[in-house]
Amino acid sequence: TIKKTINITNDTKWFIAAPPKGKDKQWQDGYSAKELAKFATSNSPIFSDLITNVVKSSFKGRISTSFEGEPEAETKLPPKGSKGPRNHDLLLHNKHLVVGIEAKVNEPFGASINDEQEQAENENRTDMIERIKWLKSTILPDGEQEKEDSNHLKYQLFTATAGTLLEAYRRNLNKCIVLILSFRFEDVEPNKDNQTSFDSFVKIVCKEGNKKTFKIRDYNGTDEIKEVECVFLKQDIVISKPYIAND
């Protein structure tokens, strides 16, 4: 079930209830927000099967694969009072786990965490500097925070991970999945930077495999430390190019 202010059954209702930040400019065929909306509603059986397979491949045991989802869900990030939440393209949750979904359409992940830190320092944005410090200390293994390879990891993958972990933490859950849905047109090669950036992030963060148990301290309400097990997955989805009528 996908809803926000209303029950969402098609991409039109999705846009009404949860438009992307750029509104109409970002709500176009071939853009990630609309392609995810179309995939999750118009192809809901395929989408449901994908999520079921993702959950079953990630965790053993009796875990529910029925979810409530919210597009453009916002997760506040530390430090307390800072601006700019993590915006999930789609957040799924049930009584067992959280799935944070980031959608891409043959596009890269943007700036590195080092680039974001340098910009924050140049602009004297203390909140942003503190946020990056928290992201690094929470997500990167000990000894990796200042390594050159770690500095080149994409900031968006840090916030996607942090937002998903915090949603699990705040719901008193100990499992989550960071899921990248990478859409590409049927006659276009996959974006190499997209795949390479994801692989590099998972390799450094998890060391081996695609799963890690994080020790999370929220700072937004309590200093309690909780362990949350997180699985990182990326699924490539081939889509058709939008039809453009001739004049």
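## The largest pocket

The largest pocket of this structure has a volume of about 590 Å³. The structure is a predicted model. The lining of the largest pocket is made up of 23 residues. Of these, Gln26, Asn87, Asp89, Glu102 and Gln156 lie nearest the centre of the pocket.

Two or more lining residues come from each of the elements α2, β2, β3 (98-105) and α7. Strand β3 gives the largest share of the lining, with four residues. Sorted by class, the lining holds eight nonpolar, seven polar and eight charged residues.

## The largest nonpolar core

The largest nonpolar core has 37 residues. Those with the most contacts inside this core are Leu135, Ile139, Phe158, Phe201, Val205, Phe214 and Phe232. At least two core residues are supplied by each of α4, α5, α7, β4, α8 (192-206), β5 (211-217) and β6 (225-239). Helix α7 provides the largest share, eight residues. Another core, of 34 residues, lies apart from this one, and includes Ala33, Ala40, Val99 and Val231.

Which residues does Ile139 touch, not counting residues up to four places away in sequence? They are Phe158, Thr161, Ala162, Phe201, Val205, Lys212 and Phe214.

## Helix α4 and its buried face

Helix α4 covers residues 113-122, and Ile113, Glu116 and Ala120 in this helix are buried. Viewed down the axis of α4, the buried residues fall within an arc of 60 degrees, so they line one face of the helix.

What do the buried residues of α4 pack against? Their partners are α5 (126-139), α6 (148-151) and α7. After α4 comes Asn124, which has a positive phi, near 55 degrees.

Lys215 lies in strand β5. Is Lys215 buried or exposed? Its relative accessibility is 61%, and because exposed means over 50%, Lys215 counts as exposed. Leaving out residues up to four places away in sequence, Lys215 touches Thr138, Ile225, Lys226 and Glu227. Lys215 and Ile139 are 76 residues apart in sequence, while their C-alpha atoms are 8.8 Å apart in space.

Ile237 lies in strand β6. The relative accessibility of Ile237 is 9%, and because buried means under 20%, Ile237 counts as buried. Ile237 touches Phe39, Leu50, Leu181, Ser182, Phe183 and Arg184, again not counting residues up to four places away in sequence. Ile237 and Ile46 are separated by 191 residues in sequence and by 11 Å in space, C-alpha to C-alpha.

## The segment before α1

Asn7 is found in the segment before α1. With a relative accessibility of 44%, Asn7 counts as partly exposed. Leaving aside its neighbours within four places in sequence, Asn7 is in contact with Thr1, Ile2 and Lys13.

How far apart in space are Asn7 and Glu118, C-alpha to C-alpha? The two are 42 Å apart in space, and 111 residues apart in sequence.

## Backbone features in the loops

Lys23 lies in the loop between α1 (11-17) and α2 (32-42). Lys23 has a positive phi of about 50 degrees, although it is not a glycine. Lys23 is partly exposed, with a relative accessible area of 47%. Asn172, in the loop between α7 (155-170) and β4 (175-185), also is not a glycine and has a positive phi, of about 60 degrees. Asn172 is exposed, with a relative accessible area of 63%.

Where is Pro79 found? Pro79 is in the loop between β1 (68-75) and β2 (86-93). The peptide bond that leads from Pro78 to Pro79 is cis, with omega near 0 degrees.

Definitions and conventions
Residues numbered from 1 in each chain as written. Predicted model: local features only at pLDDT ≥ 70, side-chain atom pairs only at ≥ 80, totals over all residues. Heavy atoms only, no water. Buried < 20%, exposed > 50% of the residue type's maximum accessible area, 1.4 Å probe, protein only. 1 Å grid on protein atoms, 1.4 Å probe; cavity = no way out; pocket = protein on both sides within 12 Å on 5 of 7 lines; lining within 4 Å. Points joined across faces, edges and corners; volume = space filled by probe spheres on them. Nonpolar A, V, L, I, M, F, W, Y, C, P; charged D, E, K, R; others polar. Arc of directions from axis to C-beta. Contact = heavy atoms within 4.5 Å. Core = buried A, V, L, I, M, F, W, Y, C linked by side-chain atoms within 4.5 Å.
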